[in-house]
Amino acid sequence: MARRRERERSPARTGAGRTSPACRESCASSRRFRTAVRSSPAIRGADRIAALLIEPVVGANGVVVYPEPYLARLREFCDRHGILLIFDEVMTGFGRTGAAFAAQRFGVTPDIITFAKGVTSAYVPLGGVAMRESLAAHFDAVALPSGHTFSGHPLAMAAGLAALQAYREEGLFERARTIEGWLRARFDWLQGRHAVVGEARGVGAFFGLELVAERESRKPLVAWQGTQSLQKFFNDLLDRGLYVYGRYNVAVISPPLTISEQELDEGFAILDEGLRGLKAP
């Protein structure tokens, strides 16, 4: 029963039920994580952990940016106990956060990075793994026992190289920092107009718009992993010409890195119109 309640909490809340500003220091220290490692009967100590896999920004589960210096503290913890730190940058990689990888944006270097999606700008399926030279050197003499039929497909590799060239020549890795300023200004504008907008959080061109029934308590408009849905709201936006990925009470706003400010205004005008009549189902 306790596990079920944990899953249904809004992503903007901590396990203690407090909003993130009230426990920023505790969250940033990674204290709960370290306590869980020590006390969990499934883990029974850091010496039993081979690797820690984490999204540097939580993606589909609410777009949650860790408070500083949470990731740096995890890096220190992993170094102390000989644990490999792996960043899942499938969503954050290739310019989404305002740098080639979120690891660079936050100044925390993992041992391994997994990536996909943006590596080809999603034109062709391609995924990969980057790792420290000290780890990669092991596979110079030892075969890596994994792979599949279409690994290294020439079409996918060509698309990846072409996308990388475009990212670099057009300055797209850094452009999300400019887009971030545009987004923050427009989210402030939306929040002033609609009580249903509880919070906009994110980094670069990767934000989550949390929709609430009551702003002060941050009660979600629909429960996280609950039975109700805001799909009609997201469908209405699509009918008006705006695609927004939504999950429970969070709308993920992640515009193309090539978007113009005028195009962003067009999208926010549709979003503003859609929010006017939004109520809990």
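A residue is called buried under 20% relative accessible area, exposed over 50%, and partly exposed in between (1.4 Å probe, protein chains only). The model is predicted, and for this reason local features need pLDDT of at least 70 and side-chain atom pairs count only at pLDDT 80 or more, whereas totals for chains, interfaces and linings use all residues. Residues are numbered from 1 along each chain as its sequence is written, and side-chain values use heavy atoms, with hydrogens and water left out.

Figure 1. Helices (H or I, at least four residues) and strands (E, at least two) are DSSP runs numbered from the N terminus. Of the 281 residues in the protein chain, 42% count as buried, and the accessible surface comes to about 15500 Å², with 53% of it belonging to carbon and sulfur atoms (Shrake-Rupley method, 1.4 Å probe; for residues, only the protein chains shown count as cover). Among contacts (heavy atoms within 4.5 Å) in the protein chain with a separation of 6 or more, 64% are between residues 24 or more positions apart.

**Figure 2. The packing of helix α3 (residues 31-39) with helix α4 (residues 70-81).** From α3, the residues F33, R34 and V37 meet Y70, L74 and F77 of α4. Sorted by class, the contact of α3 with α4 has five nonpolar residues, one charged residue and no polar ones (Ala, Val, Leu, Ile, Met, Phe, Trp, Tyr, Cys and Pro count as nonpolar, Asp, Glu, Lys and Arg as charged, and the others, Gly among them, as polar).

**Figure 3. The salt bridge between D265 and R186.** The whole structure holds 15 salt bridges, each a side-chain nitrogen of Lys or Arg within 4 Å of a carboxyl oxygen of Asp or Glu. In the pair shown, the closest N and O atoms of D265 and R186 are 2.6 Å apart. Because D265 belongs to helix α10 (residues 261-276) and R186 to helix α8 (residues 172-193), the pair ties together parts that are 79 residues apart in sequence. D265 is partly exposed at 39% relative accessible area, whereas R186, at 12%, is buried.

**Figure 4. Salt bridges of R276 with D272 and with E273.** D272 and R276 both lie in helix α10, four residues apart, which is about one turn of the helix, and their closest N and O atoms are 3.8 Å apart. D272 is buried, with a relative accessible area of 6%, while R276 is exposed at 52%. E273 meets R276 with an N to O distance of 3.2 Å; these two residues are three apart in α10, so that about one helical turn separates them. E273 is partly exposed, at 35% relative accessible area. Elsewhere, salt bridges with shared partners join R75, D79, D111 and R132 into one network.

**Figure 5. A nonpolar surface patch formed by V129, M131, F139, V142 and L144.** Together these residues have about 400 Å² of accessible area. Patch residues have over 30% relative accessible area and no salt bridge, with like charges joined within 9 Å and nonpolar side chains (Val, Leu, Ile, Met, Phe, Trp, Tyr) within 5 Å. One of the members, M131, is placed in strand β6 (residues 128-131), and M131 counts as partly exposed at 30% relative accessibility.

Notes. Axes fitted to C-alpha atoms, helices over the stretch in contact; angles between N-to-C directions.
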